[in-house]
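Q: Please take a close look at one part of this structure, the place where two chains meet. Describe it in one connected account.

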Amino acid sequence: MLEVRNLSMRFGGLLAVDQVSLDVQEQEIVSIIGPNGAGKTTVFNCMSGFYKPSGGQIIFDGKEIQGKSDHKISLMGMVRTFQHVRLFTKMTVVENLLVAQHRHLNTNFMAGLLKTPDYRERERKALDRAAYWLERVGLMDLANREAGNLAYGQQRRLEIARCMVTEPRLLMLDEPAAGLNPAETRELNQLINSLKEDYNVSVVLIEHDMSLVMEISDRITVINQGRPLAAGTPDEVRNNDDVIKAYLGET
Amino acid sequence: MPDFLYFLQQLINGLAIGSAYALIAIGYTMVYGIIGMINFAHGEIYMIGAYTALIAITGLATLGIAWLPLILVVALVCAVLVSSSMGWAVERVAYRPVRGRHRLIPLISAIGMSIFLQNYVHLAQGSRNVGFPALIQGGFQFGDPDSFQTSISYMQITIFVATLVCMSALTLFISHSRIGRACRAVSQDLGMANLLGIETNRIISATFVIGASLAAVAGLLLGMYYGSVDPLFGFIAGLKAFTAAVLGGIGSIPGAMLGGLILGVSESMTSGYLSGEYKDVVSFGLLILILLFKPTGLLGKPEVEKI
């Protein structure tokens, strides 16, 4: 479904990403791991259209998307989150989910003024979908709170729900477990798994929490200093000598 | 008693002019809220609204139409249409091509737009001030006829009612409509809104258009209230409305409303109790005080970075 071929990203004299390749199949969870500063987020930024890669190809559903705008890529069904939570903090929880469905709504000014049947119908569907996901991530009781007042773990879940109401095919999560306690991390683990199983979504994950990564990933790509170091199933990666060296240092 | 009536008179005058400032200030605050920049051509958009209304009124008069409600509605519709397309054009010409560049660049292109529009009206309409017919005349008076009488004109009542209607409609629109919801999302995090599939360009255009429409309403109202317009009509009103927006907290819509009213009342009180010549001193003095002691304005929230 997604194929990244020999991706490179250069900032002036610094080659932040060098010839990284990776592929994601339907209904698959692929993790990108590596030490701090390895270039994981840069890979994400290239994939989601924040950066125009200096070299290589990114192919989503058979179409080359490298260099396309973030807006276009997200409309194609690749949606991402960021290391820090980026909710609309001054809007309510349910409004966050409605505004994410903006493009499915009839925004014709006159239709809104006259409340045409089509307008009402779409608004109702959007509300249903929002309610469904609120229930799904356990935030129904907080629907009318300001998003900024939620606890951190709840904000993380709301962010995933906000991605899901746009009905993406590929979800890119940048350190979703950062700052979560072990119980919240377990909940997140279950949630991500069910996205794959129940909603046919593929997930690309950047994560430092190794227990989470090892448990839910189908495959793992390891990057070190911008270069691909290893790739394979969790077991293969765990026992790879290069990976152990990169993480623990050489003696 | 006469003292109180005199005070009341100043209050009424102040609220009338303050309402109009508030209508213009909305345009400054909404654009700032969305793209973080001041629309320096906004005063000119207001001035063009007043001129358009005047042209429409004159046109209807030559056609021999004298039914007041029709004249007002036609003048309003024309003013809103012309001003809002002007607001849309200002964004397309002066802001969109240079968005994301250094902040000084759109500032300068907007000032250029303002100079262009002002001089265009100079050329097209002449630089002398033109009489604006007082379509709404008469009013109430109360108090002792022998000493001071407070009067409230139908024109002032029209300003209050029109402002109230516009503000309520805007508040409902922002809080309940889909476009309003998207406006709030874009103003909080433009990048994220873009990523979620909101057409941010359309939303930015919409804020310019909404601000310009309200300025056009203010242009018609104040044109009738003052009884004349000239090409510099928008300059000082724009400056005052900008002050009102900063006073109330730029980026905040209720702040712009409050700031406009405070500014209008403080001006009329200065004119009434001190001297008309001091009113600008007081309003800009107020601005300096606010910037010194509460730089985010009365209703603006300080930007606190979460660490």
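A: The contact (heavy atoms within 4.5 Å) takes 27 residues from chain A and 21 residues from chain B. This is a predicted model, in which local features need pLDDT of at least 70 and side-chain atom pairs count only at pLDDT 80 or more, while totals for chains, interfaces and linings use all residues. Residues are numbered from 1 along each chain as its sequence is written, chains are lettered from A in the order in which they are written, and side-chain values use heavy atoms, without hydrogens and water.

The buried area, the accessible area (1.4 Å probe) that two parts lose on being put together, summed over both, is about 2400 Å² between chain A and chain B. Carbon and sulfur atoms give 56% of that area. On the side of chain A, His71(A), Phe88(A) and His102(A) lose the most area to chain B, together 25% of what that side buries.

The interface of chain A and chain B also holds four salt bridges, each a side-chain nitrogen of Lys or Arg within 4 Å of a carboxyl oxygen of Asp or Glu. Glu95(A) and Arg184(B) form a salt bridge through their side chains, at 2.9 Å from N to O.

Helices (DSSP runs of H or I, at least four residues, numbered from the N terminus) contribute as well: α2 (70-75), α3 (93-99) and α5 (117-136) of chain A each supply at least two residues of the side that touches chain B. Of the elements of chain A, α2(A) gives the most to this side, with four residues.
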